[in-house]
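Please consult the sequence and the structure shown here alongside the text.

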Amino acid sequence: MTGLLRAEFLKMRKRWMPYVLFILMLAGAAFIIWAMGYSTWHGDDPEFAASGLRTFAYPYSVPALLDSGQFWGSVFFVSILATSTIATEHNWGTIRPALSGGVSRSSYLLTKLLTLTLVSTVALLLALGFGIALSLWATSVADVHPRVPGGFTAGDFVLMVSRAALCIVPYGLLAFTLTVISRSTALGIAGTMGFMVLEAIAVALLGTGGGLLQDSRLLFPSHSVGSLIAENRIAGLEYETSALRDIDISDQPGVWAATVVIVAQSAFLLAASFIVFLRRDVTVSHG
Amino acid sequence: MLKTPTAEQPTTREQSDVVLRTVGLTRRYGKITAVNNLDLAVRRGQIFGFLGPNGSGKTTTIGMVLGLLRPTSGYVELFGVDTHRDLTGPLKRVGSVLEGASAYPHLSGRENLRVCAMIAGVPDARIDEMLSLVGLSERAGSKARTYSLGMRQRLAIAAALLTNPDLVVMDEPTNGLDPAGMREIRGLIRDLGAMGKTIFVSSHLLGEVEQMCDHVAILKSGRLLMQGEVKALVGQGTALEMQVTDMNRALEVLAGLDFVKGVKRDGVRLVVETASERAADVSRALAEKEIYLSELRTRQDSLEDVFLEMTEDA
């Protein structure tokens with residue numbers, strides 16, 4: 001397993017794509033702090049000044065960075081990386097010699113998943129660190145001193161990051177599973193992005209109904225994700241976000257219910273990818 | 001020597017000698033049967049040619065042998081182990097070169113082998129050894145995307161040999177290569193055979209198999225037509241080929257000889273179906289009737305003749 005992991009890291013670090021995606025994440029963090037936060041606060045419209053401040057000023061910037069980071073990190077970094085890592089092995093035909101050399105299918109897929117998890121975790125934490133560094137800089141440039149009621153502890157920080165990370169998991173696994181099933185980069189990425197757009201529409205439409213229709217929103221990860229992301233808000237205060245979602249705090253499931261739903265959905269996707277991969281024929285595909 | 005395609009019960013000694021066995025191996029895709037009840041036995045040290053026209057089921061069989069495809073029925077044994085029970089154990093003793101010569105295009109040749117070495121737990125020193133064996137040392141640092149098909153094929157062979165496997169399975173290893181490349185790969189396969197490796201190589205090129213292999217199995221439409229020694233196969237249909245002063249009379253005379261199984265015209269020559277040792281008797285019989293030979297030689301059936309005869313009959 002160690003050898004498999006080392007091989008996987010060698011393959012990944014020699015590709016240009018993870019670096020491009022990482023740079024995009026850094027650019028995103030800079031955009032949130034300076035364009036969406038600092039510029040909005042510094043701008044002429046006093047209506048948005050307070051939310052602008054909470055977007056760039058540390059520690060209010062942490063949930064703001066995690067909100068946008070969760071959304072775009074899921075869409076761009078994790079989904080594209082997951083899809084590409086799986087599908088290229090089929091397109092290049094390299095999956096066949098790997099499996100015919102005595103590597104079990106479960107070890108192979110598990111190694112892919114572990115590598116993706118480790119690389120995504122490190123890259124997204126670095127991007128968050130970069131965003132926080134910019135936030136500290138912007139806070140000092142603006143010469144503001146935001147206070148958090150009850151203080152902001154390391155425990156709060158870890159909890160916020162954990163919630164955001166959990167919210168990335170179902171989308172990362174959706175991309176992973178779609179690619180394992182389709183063996184296609186295009187279908188994996190388009191499928192994940194398409195799902196995110198469609199679920200946003202579906203959740204909005206179902207929210208207009210009542211009873212069972214409203215409850216059925218729990219089938220979509222975004223409804224539970226919204227609950228966890230909202231829980232990250234410091235003192236329940238809003239900030240500017242680039243995430244394409246509208247969170248109505250009064251209409252979200254409870255945090256524990258949301259956590260259980262996300263874990264269950266992720267487990268389902270994980271099981272589906274393994275069941276398909278362990279049983280299917282391994283051939284070369286193009287896509 | 002030659003075996004019919006029916007299953008047979010091997011003795012214990014034979015069994016331990018068999019590196020690869022398929023028993024009743026069948027694969028269906030809907031209504032199409034790609035491989036039909038295939039019984040194969042490849043013994044230690046053989047260079048075993050797996051022959052068949054395109055679409056005959058060779059790649060499907062290899063896919064099942066290597067655990068990439070699931071058999072509809074039947075099973076594969078590698079080194080005496082049923083791969084239904086344990087696939088990864090026996091596969092660690094197998095090196096494979098699959099059709100298409102896959103490689104990571106963004107990695108150099110050396111890095112491609114390093115990936116394989118890491119997975120297999122092979123020391124890095126072995127990488128240079130293999131690069132040198134397949135003649136890729138000079139281009140080892142170049143990205144695989146810049147390699148020609150022949151170079152990728154050699155890289156795939158190096159990867160297959162990295163673990164020093166007991167059995168090497170190759171699917172159409174010379175596909176897409178130029179004549180020089182084909183010759184190179186054939187030489188490499190013969191060298192591997194000389195090193196005592198068991199080689200299972202599929203091809204649709206009969207001449208190639210005849211030159212490389214000592215044993216052969218012929219597949220058509222998923223069915224095994226025969227398997228056996230190449231020497232025995234090509235030696236089966238021996239004939240004498242001759243030019244004579246009077247064709248028509250010679251035909252009459254030769255048809256009357258009891259040791260001649262048949263005579264036919266082949267352009268300006270006559271082809272006489274008989275053992276090569278009967279050449280002197282044939283010559284004497286014709287001379288007695290004042291028919292004289294201007295040319296006489298032994299003609300042996302090539303693998304191509306045997307193959308065409310079998311596949312046409314089938």
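Helix H2 (residues 17-42) of chain A holds both A:Tyr38 and A:Trp41, three residues apart, about one turn of the helix. Helices (H or I, at least four residues) and strands (E, at least two) are DSSP runs, numbered from the N terminus. This is a predicted model, in which local features need pLDDT of at least 70 and side-chain atom pairs count only at pLDDT 80 or more, while totals for chains, interfaces and linings use all residues. Residues are numbered from 1 along each chain as its sequence is written, chains are lettered from A and ligands numbered from 1 in the order in which they are written, and side-chain values use heavy atoms, with hydrogens and water left out.

**Aromatic pairs**

Rings of Phe, Tyr and Trp (its six-membered ring) pair if their centres lie within 6.5 Å; planes under 30 degrees apart count as stacked, over 60 as edge-to-face and the rest as tilted. By this rule there are 13 aromatic pairs over all chains. Two tilted pairs are listed below.

| Pair | Centre to centre | Angle between planes |
|---|---|---|
| A:Tyr38 and A:Trp41 | 5.7 Å | 55° |
| B:Phe50 and B:Phe200 | 5.1 Å | 35° |

The pair in chain B links distant parts of the chain: B:Phe50 belongs to strand S3 (residues 47-51) and B:Phe200 to strand S8 (residues 198-203), 150 residues apart.

Burial is judged by relative accessible area (buried under 20%, exposed over 50%, partly exposed in between; 1.4 Å probe, protein chains only). B:Phe50 is buried because its relative accessibility is 0%, and B:Phe200 is buried at 1%. A:Tyr38 has 16% and therefore counts as buried, whereas A:Trp41, at 24%, counts as partly exposed. A:Tyr38 and A:Trp41 also belong to one aromatic cluster with A:Trp34, A:Phe56 and A:Trp137.

**A sheet in chain B**

Strands of a sheet pair through backbone hydrogen bonds, either parallel or antiparallel. Two strands count as paired if DSSP finds at least two bridges between them. In chain B, four strands form an open antiparallel sheet in the order S12-S13-S11-S14. Its edge strands, S12 (262-266) and S14 (293-300), each pair on one side only. Strand S11 (residues 238-244) and strand S13 (residues 269-273) of chain B are joined in the antiparallel sense over three bridges. Within S13(B), B:Val271 is the residue opposite B:Glu241.
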